[in-house]
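Here are my notes on this model, for your review. Please read them with the structure open.

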Amino acid sequence: MWSRFALLLGAIIFSAASTQAEPIRGAGSTFAAPIIQLWSRDYEAMRTDGGDFTSPDWRVDYEPVGSLAGVMRLGQIETDFAATDAPLPAEELKTRNLLQFPIVMGGIVVVANVDGIGAGALRLSGPVIADIYLGKVTKWSDPSIKALNPDLALPDMTIEVLHREDGSGSTLAFTGFLSASSPEWAQKPGAGTLIKWPLGKGEKGTGGLANLTARTKNSISYLEYGQVVRLGLPFVSLQNRAGTFIRPSPEAFQAGLETATWDGTTGSSANANEAAGETAYPMTVVTYVVVPKDRGEGRINRVLDLFRLAFSRGGDEASALGYVPVSPALAGKIEAYWTANLGFANN
């Protein structure tokens with residue numbers, strides 16, 4: 001009799017615990033999805049501490065739906081955080097009672113899938129890329145491209161223009177670069193996470209666009225650097241504001257991010273596309289996590305716990321995937337921001 005009672009009591013306790021335990025739920029940036037997913041696996045492994053027992057509380061469900069969709073999901077009570085490459089302004093953070101802090105940095109690169117032209121060999125400028133996406137330059141043999149690449153044998157082939165079709169921080173970075181390079185682009189399509197493209201074929205997500213680019217000869221697109229390197233796609237050397245053609249690399253992104261300051265009081269950020277200097281890559285991205293303050297102390301602390309571990313132990317993994325990790329100094333500034341804005345951020 002007692003054993004039956006004990007079994008029943010155990011089942012009730014287990015059932016109650018199961019209904020209360022839930023994974024950390026996030027959504028947003030496809031740019032940062034590879035490193036967020038790796039950190040999520042590390043987090044569960046760290047909290048399990050090598051044992052067989054695990055809990056839903058230690059799991060992270062992250063959906064790479066794009067920056068715009070991720071921020072929109074913050075309106076759903078079950079969403080704990082959004083990751084966005086398009087930081088929200090200080091006034092919106094205040095009005096909506098949100099935290100915002102950087103988690104990783106990197107670069108958006110232009111890819112030209114042209115036979116016989118290897119990574120970094122093709123040189124392009126912002127004005128020429130804008131003219132390609134406006135439909136004014138339609139052939140790889142166009143004089144404006146030849147002028148930048150006098151030593152390359154460029155084919156007389158039509159340029160296949162590709163782009164993201166979903167709301168994306170990568171699109172914001174790319175169209176922001178084009179707007180800064182071309183008055184016509186700035187006046188017509190403009191910059192945004194989601195725009196009306198003048199021409200070309202669209203695909204959802206960084207992975208979707210990468211796969212489309214890989215199988216489309218004579219195409220041009222824009223993608224996250226780590227994805228390009230992992231797939232072996234031929235990236236372009238891009239002209240920066242100083243007139244220098246820069247091959248994308250973590251070092252070049254770091255040089256370009258020196259002016260992209262984050263305000264540890266308001267959570268807002270400067271424009272990452274305003275990079276200057278001889279060695280600065282001109283199209284950099286910072287991914288931010290946005291956390292609603294109304295999710296409750298326990299749920300918020302789990303999100304902060306995840307990224308505290310990422311900052312302290314995940315830097316090498318970020319670098320290996322082609323990102324620029326948050327520095328220890330910036331990580332300290334972020335944790336001070338948590339404490340100042342919440343008062344209960346557990347260490």
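The points below take the sheet, a helix, the cavity and the salt bridges in turn.

1. First, a caveat. This is a predicted model. Every value here is computed from it.

2. The sheet. Three strands form an open sheet in the order β5-β9-β10. The pairing is mixed. Strands β5 (123–124) and β10 (245–246) sit at the edges, each pairing on one side only. Strand β9 covers residues 237–239 and runs antiparallel to β10, joined to β10 by 2 bridges. Within this pairing, Gln 239 stands opposite Phe 245 of β10.

3. Helix α5. This helix spans residues 126–134 and is mostly covered, with 7 of its 9 residues buried. The buried set is Gly 126, Val 128, Ile 129, Ala 130, Ile 132, Tyr 133 and Leu 134. Just after α5 comes Gly 135, with a positive phi of about 85°.

4. Lys 136 makes a salt bridge with Glu 184, with 2.9 Å between the closest N and O atoms. The two lie 48 residues apart: Lys 136 is in the loop between α5 and α6 (143–148), and Glu 184 is in helix α8 (residues 183–187). Glu 184 is partly exposed, at 25% relative accessible area. Both residues belong to a salt-bridge network that also links Asp 131 and Lys 188.

5. The other salt bridges. The structure holds 13 salt bridges. One of them joins the side chains of Asp 305 and Arg 47, at 2.8 Å from N to O. That pair connects helix α12 (residues 297–313), which holds Asp 305, with helix α2 (residues 33–48), which holds Arg 47; the separation is 258 residues. Is Asp 305 buried or exposed? Asp 305 counts as buried because its relative accessible area is 19%, and the cut-off is under 20%. Arg 47 is partly exposed, at 28%.

6. A pair in sequence. Asp 294 and Arg 295 form a salt bridge, their closest N and O atoms being 2.7 Å apart. Asp 294 is exposed, with a relative accessible area of 53%. Arg 295, at 9% relative accessibility, is buried.

7. The cavity. How many cavities of 30 Å³ or more does the structure hold? There is 1. The largest cavity has a volume of about 40 Å³. Its lining consists of Trp 39, Ile 103, Ala 310, Phe 311, Gly 315, Pro 325 and Val 326. By class, the lining of the largest cavity has 6 nonpolar residues, 1 polar and no charged.

Conventions. Residues numbered from 1 in each chain as written. Predicted model: local features only at pLDDT ≥ 70, side-chain atom pairs only at ≥ 80, totals over all residues. Heavy atoms only, no water. Pairing = 2+ DSSP bridges. Helix = DSSP H or I, 4+ residues; strand = E, 2+ residues; numbered from the N terminus. Buried < 20%, exposed > 50% of the residue type's maximum accessible area, 1.4 Å probe, protein only. 1 Å grid on protein atoms, 1.4 Å probe; cavity = no way out; pocket = protein on both sides within 12 Å on 5 of 7 lines; lining within 4 Å. Points joined across faces, edges and corners; volume = space filled by probe spheres on them. Nonpolar A, V, L, I, M, F, W, Y, C, P; charged D, E, K, R; others polar. Salt bridge = Lys/Arg side-chain N within 4 Å of Asp/Glu carboxyl O.
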